[in-house]
Amino acid sequence: MAPNELELLNWLLERGLPEAKSFAHQVERIRASRWCTCGCPSISLHVEENVPTGTCSQSVISDFVGLTPDGKKCGVLLFQKAGKLILLEAYQQDPIDGTWGFPVISSLQRFEDVGQVFVKDPQTGRFIQSNSQFRKDSC
Ligand SMILES: [Zn+2]
């Protein structure tokens with residue numbers, strides 16, 4: 001796992017749902033592999049077999065939006081399944097061509113705090129109801 005990926009993962013675990021901290025010990029010997037070929041930086045996470053599982057009722061345990069090193073809007077989601085970290089997904093909110101990187105940590109804001117900003121319809125100025133519409137663009 002690349003140092004910047006590890007740093008981001010630890011950051012997301014500290015600031016995600018309260019239960020996210022119960023997964024923190026899994027990071028120590030975690031491995032990552034490319035999850036997608038579209039150009040996004042999303043990675044699958046592989047936790048060792050005998051590592052104690054975390055506890056969370058939701059699959060997304062951390063949910064932030066920010067800017068890539070090139071200043072494009074994107075989001076990151078950290079997923080768990082059956083108590084193990086399984087996926088660090090990045091999705092784009094600005095159109096991004098080619099290969100891009102995980103957001104800069106200093107740019108990250110909680111999705112709940114800023115989600116509405118991103119779903120404001122530029123045509124009408126009204127807020128679009130569903131926050132999830134942008135996530136359908138993720139791969
Ligand atoms: Zn992708």
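This is a predicted model: local features need pLDDT of at least 70, side-chain atom pairs count only at pLDDT 80 or more; totals for chains, interfaces and linings use all residues.
Residues are numbered from 1 along each chain as its sequence is written. Local features need pLDDT of at least 70, side-chain atom pairs count only at pLDDT 80 or more, and totals for chains, interfaces and linings use all residues.

Me: Why is alanine 82 called exposed?
Reply: A residue is exposed if 12 or fewer other C-beta atoms, placed from the backbone, lie within 10 Å of its own, buried if 20 or more do, and partly exposed in between. Alanine 82 has 8 such atoms within 10 Å, and is therefore exposed.

Me: What makes β1 and β6 edge strands?
Reply: Two strands pair if DSSP finds at least two bridges between them. The open sheet of 6 strands has the order β1-β2-β5-β4-β3-β6, with antiparallel pairing. In it, β1 (31-34) and β6 (109-110) each pair on one side only.

Me: How do you know that β3 and β6 pair?
Reply: They are joined over 2 bridges in the antiparallel sense, and the definition asks for at least two. Valine 65 stands opposite glutamine 109 in β6.

Me: Which residues does leucine 78 touch?
Reply: Contact requires C-beta atoms, placed from the backbone, within 7 Å. Leaving aside residues up to four places away in sequence, leucine 78 touches Leu12, Gly16, Val60, Ile61, Ser62, Leu85 and Leu88.

Methods
Two residues are in contact if their C-beta atoms, placed from the backbone, lie within 7 Å. Helices (H or I, at least four residues) and strands (E, at least two) are DSSP runs, numbered from the N terminus.
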